Amino acid sequence: MIFRREPIHKKLARQARLDAETAEPAVEPETRGLWGMGSLHGVQRPRRWDVVGSVEAPELTGDEVRFVALPNGDVVVDEDVPEDALSPLADAIEETLQPPYRGEAVRRDGEIWAVAARRIDVAEAEAPGDELELVVNQGERALTVDGERSFGSVAELERWDRLGDSYVVRARRLDGRLWEVEANPL
């Protein structure tokens, strides 16, 4: 059902007993109904995954696994998994998405796994700690290392200034000098 309200200019003209034709709107009134309005249904959630699929992985143990594929093709995983057990998952993802990416897989039925992945940015940097955050706001910089305020800088985090003069960069150590980096304007 579409509800059409009488435009205010026509209502006022009718009540004042004026000629409504002289008060026509410059554009056609909205006729799509209310379902196209974000205020009623909210805004679509951002997509979490770039690739989703299922694959047979007979050598994989457990019920779920998280991993990161590095730009050189190496795979970093925190869990204990047999060597090459992640190959079927990575092969399924890389049909569509090239490294670097972060992936997750969940056992569905026997040897069948649901796998999903999203692109990530990876940077190489020499820095202390395991988590870094650089906040730049109108030229003022604040660096935290593992949640503690730190003095100095990490050059690899500074390169994100292309986002403007206010941005935040978060980095999480993947392995050695490799970091997963996420940057957003403020």
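## An exposed arginine and its partners

R48 is exposed, with a relative accessible area of 53%. In this predicted model, the side chain of R48 meets that of E104 in a salt bridge, at 3.5 Å from N to O. E104 belongs to strand 4 and R48 to the loop between helix 2 and strand 1, so the pair ties together parts that are 56 residues apart in sequence.

A network of salt bridges links R48, E64, R66 and E104. E64 is partly exposed, at a relative accessible area of 45%, and R66 is partly exposed at 40%.

## Other salt bridges

The whole structure contains 14 salt bridges. One of them joins E180 to R118, with the closest N and O atoms 3.7 Å apart. This pair links distant parts of the chain, since E180 sits in strand 11 (residues 178-185) and R118 in strand 5, 62 residues apart. E180 is buried, with a relative accessible area of 9%, whereas R118 is partly exposed at 27%. Side chains of opposite charge can pair when their charged atoms come close.

## The aromatic pair

A search of the whole structure finds one aromatic pair. The ring centres of F67 and Y101 lie 6.4 Å apart and the ring planes are at 80°, so the pair is edge-to-face; the cut-off for that class is over 60 degrees. F67 is in strand 2 (residues 64-69) and Y101 is in strand 4 (residues 101-109), and the pair links these distant parts of the chain across 34 residues. F67 is buried, with a relative accessible area of 1%, and Y101 is buried with a value of 0%.

Not counting residues up to four places away in sequence, L60 touches V65, V81, A85, L86, L89, R107 and W113.

In soluble globular proteins, nonpolar side chains tend to be buried together.

E158 is placed in helix 4 (residues 155-158). E158 is buried, with a relative accessible area of 17%. The side chain of E158 makes a polar contact with the side chain of R141, at 2.8 Å. Leaving aside neighbours within four places in sequence, E158 is in contact with L134, R141, S153 and Y167.

D161 is in the loop between helix 4 and strand 10 (166-175). At 48% relative accessibility, D161 counts as partly exposed. D161 and V136 are 25 residues apart in sequence, and their C-alpha atoms are 8.6 Å apart in space.

## Confidence in the model

The mean pLDDT of the protein chain is 84, and 83% of its residues reach 70 or more. Among the elements of the chain, strand 5 has the highest mean pLDDT (96) and helix 2 (residues 38-41) the lowest (57). Over residues 23-27 the pLDDT is below 50, and this stretch has four contacts in the model beyond near neighbours in sequence. Where pLDDT is low, the predicted coordinates should not be read in detail.

Conventions: Residues numbered from 1 in each chain as written. Heavy atoms only, no water. Phe/Tyr/Trp six-rings, centres within 6.5 Å; stacked < 30°, edge-to-face > 60°. Helix = DSSP H or I, 4+ residues; strand = E, 2+ residues; numbered from the N terminus. Buried < 20%, exposed > 50% of the residue type's maximum accessible area, 1.4 Å probe, protein only. Contact = heavy atoms within 4.5 Å. pLDDT = per-residue confidence, 0-100. Polar contact = N/O pair within 3.5 Å; in protein donor to acceptor, adjacent residues only side chain to side chain. Salt bridge = Lys/Arg side-chain N within 4 Å of Asp/Glu carboxyl O.
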